Amino acid sequence: MSFRRAWAAACAAVALGPAALFAVRSPSAEETERSSALARLAQRIAGQVSAASPEPPLAVHLAGESTDLGRGFATLLLSELALRKLGPTAVSAPSPEAAEAIAREGGARSLLRLSVGLNRGDLQAKGDLISIWVNFWSGRANGRSNRAAAVIFAAVEADAQALAMASELPAPTGGIKLEGARFADLPQWTAAIAAGDLDGDGRDEVVAITNDEIFAFSPEGRLLARRDLRPLGDSATPCREPFGAISIQSQRIAYFSAARRQGEILALDVARGAFRSLGSLNEAPLAAQGETQVWGSFVPGRSAFASDLRLGSGEAWSVRGPLWTLSLFAASKGPRSLIAFADGTASWFGGVGIPRGRQFRSSAAAIDIDGDGEPQIVTTSSRYRAEPDELRVLESPANDGPAPAASPAVDGGTDDVPLQLHERWREPIRGGWALQVVGAHLMPGKPAQIVVGVWRPDGSGELQIFRKVSR
Amino acid sequence: MNRARLAAALAASALFATEALASSRARYGGTLRAAVAGRPPEVDPALADSPWDATILSLTASAACRLDEARRIRPVLASEISSQEPLKLRLALRPGLKFDNGTALSAKDVVASWSRLGQPGSLSPYRALLFPLPGEGRRLSAAGSAQNLELPLAFPWPDLAASLCHPSLAIQPASGSSRRGIGPFKASSLPGELEANLAFPLGRPFVDRLTVAFTDQRGAARLLSLRQAQLAIGDAASSNAPRPSPGLFSTYLVFQVDRAGADFRQAFEATIDRDDLTRFFVPAPSWPMHSLLPPALMAQEPVSRPAPPARPSGRSLSLMFDQSLPEQRLVAERLQVRLHDLKYAIALKPLSRAQLRAAWASGNFDLMLQAVLLPPFAGPALAIALEVAGRHEMLAAELPPIGALPEDAERQKAAVNRARALLPSLPLIPLYAQAVGAVVSEDLAAFALDGQGLPALDDAFLLPE
């Protein structure tokens, strides 16, 4: 489909919307907040154009990153400009330079030239506004008017609609399909979740902590035990959001909530439906895999772990900054680690990195969903309180070296040609914001499933589970 | 997995930076610069009750609890507020909390803070919040335990726990020269700057520091436009402000019937249009009030305009108002002009809020503009409105039947019905309700209002440049 045809459709949409054109009313704050990224961007651009007081009629030339995105934005922008009585008309031209002559021939007095596209999570529109009126007495010189010109730029955070409209890539080959379902409800937001076999039956139980309690659920989502954490005392420097760590190893649960003064080691007594305390902890159990454990401490008052970690063997390990999560995975080619740092960056051990612009944040985890022995990267939205949040499955870098010595560090932020990670699945998460993701082997002989901790807006929590299904 | 191999692998982990444009978790750090269109608030929480004053004071002095956005009780200085029996409320303080002056928070501080509201020298309309307690909080004893308070109630009042979250009940130290309480921020070494309180029970604020510039509306707007502030408080809400704030700061015209005359209400209603009064003289966000409680708490009654009294008044009256609220001066001047047409000679008398409250407490006034921050529940709000009207004695008759209703909705309905029925008999005329206005720059995220309609600045965070 040509952009010209899309542009014509946009013009028709404007012409067919007289009610919107004649109803001059500023949107309320609530309406603006609820509107889509495209609508908000159109309002901002129209506001800037209006402030520059161009002489109507105003011709608009728009280049879009994709046909759908350009058409959608054109519809909304022309409507906004018409509301401001600027007499907008669409100009179809092969280039912004060619648009000037075409707009002038069409009788326009001003020309707005814009391009719209996505850039690092933002939906951006940029371009210029010029006067194209030519004094009849200037003869053949055709010189520019002496009216002021303006540079136009605005950006808003992209939303799912903008992402969907911008994407014209073919469907990924080798994609997977996941089905999600509610797993369990919790009275408060989750501080951490983990999965591990607590009763030796070969299936993982799921453990979650909130600020006040710890819960264990069966692989079917049935509550097995819960325990009040408040006797552990209040942290002297609690953090504002629920935060903490759980690791499960040898049927023992080590956990530490940032709201509490100390952590604890527990065992699950399935017969009695209760936890049994095995001791207290002064360190946070960040991750465990096989015989390996990683321990850390909280940054006082912040929902982050300090950068100085300790391995179970006693060795010190300093990473480059405070972190949110550390995910370990024992792949067939060797160990894999995924670290989400508190500055919003992430690290992946291997020879190829996350390309520039890929954002995964607090809830990134390395999980082998398809059972091939290599993990995928499972992430949620990189936006704060995304509406809706989303779950994405990315293929981990394919060229991982078998050992660290053979795969030197590559900084994705400075890589000239960053490799594109293959996205295998993406779907919205319903009901709230996802802050924790872990893998769980809930069914024997099947690949791992994804357990997501969701914060509901009413202050309660929910565990959702995502399973791979046949396409 | 080979432990040594993994350790080596982890130590050599390759780092791949991604752009930090957004984040699923809030960002810590930075200095939040706020511009407030107003004066620095009084240190007494009962006097720092305009929404903007309460916002600023609550930064350094919290109540036992706060109401979240959904008006649920969230313990702050208390670890637990529970009621096992209708006539008993238990308040347990969090252990280990300390004031700025180093003294530990104890039940004695709570009792002292609450009892101030009912003492003759600092009598406050907010004492009505504590009416169900013995002596309205003055006869409470903290002798039993340093950390726990058993609160016996004279009658069932399920809204008491929520009432304890009102900003006027902020806890301050019982002894020592400093009146600074415990809040999400504490004083820093620099004047005019607050720093995050790491020990705040709900967690430290996301920003490291907060500076507050007190100015007027124009100055606040200028600071915002020059990017010297990320937040202007006390200004009309902008398109990027959070959801509309509930207008709970309610202003009444209180009068003494024996001085103003029995037909004063009739004269007022005949000559004053509250809609115009609010529209022209009270900055947005504001709403005219025709009923005893504001629109946020009850549907407003239509008012019929009576004819003016048959005989001109000829009375000379004084009208006291709060000089720290510019809109009260404008409203007072308007009342002066309009009532002059009916032969009322009204002298305006601006007072500080403390002086105004003292005059109200003594009953020594003719007319007075009195503004109070009502709680977002009709029952406690009705109690305060009756107190403002000087009808303290009515609380004993009015509150128990409302408190006896177990369901929130039932109590709300009963309180609204009583507010409707009582208004004509009260020496008070509702004028308008206000909410805190706020303009927020685009680099301030998660700016939200609590259940009282006050900005929760400790929840906000700054986006990266």
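Helices (H or I, at least four residues) and strands (E, at least two) are DSSP runs, numbered from the N terminus.

**Entry 1: the model and its numbering.** I noted that this is a predicted model, in which local features need pLDDT of at least 70, side-chain atom pairs count only at pLDDT 80 or more, and totals for chains, interfaces and linings use all residues. Residues are numbered from 1 along each chain as its sequence is written, while chains are lettered from A and ligands numbered from 1 in the order in which they are written.

Entry 2: I looked up A:Pro57 and found it in the loop between α4 and β1 (58-64) of chain A. A cis peptide bond, with omega about 0°, joins A:Pro56 and A:Pro57. The loop between α4 and β1 of chain A also holds A:Ser53. A:Ser53 is not a glycine, yet its phi is positive, about 50°. Is A:Ser53 buried, exposed or partly exposed? I wrote down the cut-offs: a residue is buried if 20 or more other C-beta atoms lie within 10 Å of its own, exposed if 12 or fewer, and partly exposed in between, with C-beta atoms placed from the backbone. A:Ser53 has 13 other C-beta atoms within 10 Å, so it is partly exposed.

Entry 3: A:Ser250 has a positive phi of about 55° although it is not a glycine. I placed A:Ser250 in the loop between β11 (244-249) and β12 (252-257) of chain A. A:Ser250 counts as exposed because it has 10 C-beta neighbours inside 10 Å. In chain B, a cis peptide bond joins B:Ala284 and B:Pro285, with omega about 0°. B:Pro285 sits in the loop between α8 (274-281) and β12 (286-288) of chain B.

**Entry 4: chain A as a whole.** I listed seven helices and 28 strands for chain A. Chain A has 471 residues, and 47% of them count as buried. For the next figure I needed the rule that two residues are in contact if their C-beta atoms, placed from the backbone, lie within 7 Å. Among contacts in chain A between residues at least 6 apart in sequence, 59% join residues at least 24 apart. I then picked out A:Val116, which is in strand β3 (residues 110-119) of chain A. A:Val116 has 27 other C-beta atoms within 10 Å, so it is buried. A:Val116 and A:Gly70 are 46 residues apart along the chain, and their C-alpha atoms are separated by 6.8 Å.

**Entry 5: two helix pairs.** Axes are lines fitted to C-alpha atoms, for helices over the stretch in contact, and angles run from 0 to 180 degrees between N-to-C directions. Angles under 35 degrees count as roughly parallel, over 145 as roughly antiparallel, 65 to 115 as roughly perpendicular and the rest as oblique. In chain A, the axes of helix α4 (residues 37-51) and helix α5 (residues 67-83) come within 9 Å and cross at roughly 40°. α4(A) and α5(A) are therefore oblique to each other. In chain B, the axes of α11(B) and helix α12 (residues 395-403) come within 11 Å and cross at roughly 175°. α11(B) and α12(B) are therefore roughly antiparallel to each other. I traced this contact to B:Gly379, B:Ala383 and B:Leu386 in α11(B), which meet B:Leu395, B:Glu398, B:Leu399 and B:Ile402 in α12(B).

**Entry 6: cores.** A nonpolar core is a set of buried Ala, Val, Leu, Ile, Met, Phe, Trp, Tyr and Cys residues joined through C-beta atoms within 7 Å. Which residues have the most contacts inside the largest nonpolar core? They are B:Ala64, B:Ala232, B:Leu293 and B:Ile384, in a core of 140 residues. Helix α11 (residues 378-388) of chain B gives this core its largest share, eight residues. A second, separate core has 86 residues, including A:Val299 and A:Ile450. Leaving aside neighbours within four places in sequence, I found B:Ile384 in contact with residues including B:Pro125, B:Tyr126 and B:Val372.

**Entry 7: B:Tyr252.** B:Tyr252 lies in strand β11 (residues 249-255) of chain B. B:Tyr252 is buried because it has 22 other C-beta atoms within 10 Å. Not counting residues up to four places away in sequence, B:Tyr252 touches residues including B:Gln370, B:Val388 and B:Pro430.
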